[in-house]
Amino acid sequence: MNKLLLTGFVLLIISFVQAKVHVGELTLEQLSNPLGVDKNQPLFSWKLFSDNRNVLQTAYEIKVALNETDLINKEKFLWKSGKVSSAQSIKIPYAGLALKSSQRYFWQVRVWDNKNNVSEWSSVAFWQMSLLNISDWKAQWIEPGYEEPLSNRPSPIFRKVFNLKKDLQSAIVYITAHGLYEAMINENRVGNDYLAPGWSSYTKHLYYRMYDVTDLIKKGDNAIGVTLGSGWYRGIIGGTENNRYGKNVSLLFQLELTFKDGTKQSILSDDTWKTSIGSIIDAEIYHGETIDANKEKIGWLTSEFNDKNWAYAKVASYDNNILKAAYNEPIRKHEIFKPVKVMITPKGEKVID
């Protein structure tokens, strides 16, 4: 074979390799690996990639399984679409076996293009279902057990200690509030979103979020701490309006633990939780926050803290039929502003510019 033919043959091989199409950026309900999906037929989407122009999808195939091993090796599927002749790559509805509350599912997709190439199976993506039935909620709504001061409305803090004796496989939290919440487990923040669960028409729908907190929990004693704020629920909105949706902030918290031996345990908000007033003595969406550091309960987020003088939470009754899994993009922290100057006044007060 002369050099000219060999060169042409090599170029042909390179062209063939480059023409291969592949699939990436898999999303479900337009979210990447989402937790807390409450739709029975969630929608799959993906993107095509190729080094060549004018490459179009002509068919696709999706497969779904309960774990990666079944998906890749054992081929034990909950759904396999088979080859579907279609250029559609967004919002393909799931059409397999019925999905179950709290279950995690894994999926892949491959495509065919208009140049008779078939892609490799995509990387594995997953999603996890939320609580699909009202009966799945075992937690109770709880409110502060102390008398609220008349002069202001401090942010209540809630606390619960629990003990684990087994090896943990997974831990999932479902949480919402009338008002705003910030949750901690063993002094570590749950999630990286702020002002959760966000504003909604609280009489019609209330969003809850789902977090994977497996890495925050240890064997032995663990401490949960939750701080609530008035937020849009009872805070000042629309100028001077107070208590638009209710007078009392409240918490709904459900932690589902799965152990390596297959057993399960639930840690639920109920009247065994303790409540107190912390350092946030006033907080409003538009009027800012006032903190009295002298009132800080040092160590209250640890399991060793002594809460014997705290009040037990009060159980409240609210309609869980309006609970909806949150799909909106959360508010996240993007910048930290450092003071340009710290001054001490003649009275000895510290002023931060």
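## Exercises on salt bridges and chain shape

At 13% relative accessibility, Arg209 counts as buried (under 20% relative accessible area is buried, over 50% exposed, and in between partly exposed, with a 1.4 Å probe and protein chains only). The model is predicted, so to speak of local features a pLDDT of at least 70 is needed and side-chain atom pairs count only at pLDDT 80 or more, while totals for chains, interfaces and linings use all residues. Residues are numbered from 1 along each chain as its sequence is written, and side-chain values use heavy atoms, with hydrogens and water left out.

**Exercise 1.** Work out which residues are linked in a network with Glu61, and how Glu61 and Lys80 are placed.

*Solution.* Begin with the pair: Lys80 and Glu61 form a salt bridge whose closest N and O atoms are 4.0 Å apart. Lys80 sits in strand 5 (residues 79-80) and Glu61 in strand 4 (residues 57-65), so this bridge links distant parts of the chain, 19 residues apart. Next, compare accessibility: Lys80 is partly exposed at 36%, whereas Glu61 is buried at 6%. Finally, widen the view: Glu61, Lys80 and Arg110 are linked in a network of salt bridges. The whole structure holds 13 salt bridges.

**Exercise 2.** Identify the loops that the bridge between Asp261 and Lys166 ties together.

*Solution.* The two side chains meet at 3.3 Å, N to O. Asp261 belongs to the loop between strand 18 (250-259) and strand 19 (264-268), and Lys166 to the loop between strand 11 (156-164) and strand 12 (168-178), so the bridge joins parts that are 95 residues apart in sequence. Lys166 is partly exposed, at 35%.

**Exercise 3.** List the contacts of Lys341, leaving aside its neighbours within four places in sequence.

*Solution.* First, find the residue: Lys341 is in the loop between strand 26 (331-332) and strand 27 (342-344). It is partly exposed, at 47%. Then take heavy atoms within 4.5 Å as contact: Lys341 touches Val351, Ile352 and Asp353. The C-alpha atoms of Lys341 and Val351 are separated by 8.4 Å, with the two residues 10 apart along the chain.

**Exercise 4.** Describe the overall shape of the chain and its contacts.

*Solution.* Start with the radius of gyration, which is taken over C-alpha atoms. The chain has 26 Å, but a compact globule of 353 residues would have a value near 20 Å (the rule is 2.2 Å times the number of residues to the power 0.38). Next, the box filled by the C-alpha atoms is roughly 95 × 50 × 40 Å along the principal axes. The chain has three helices and 28 strands, and 44% of its 353 residues are buried. Lastly, residues 24 or more positions apart account for 73% of the contacts with a separation of 6 or more.

Definitions and conventions: Helix = DSSP H or I, 4+ residues; strand = E, 2+ residues; numbered from the N terminus.
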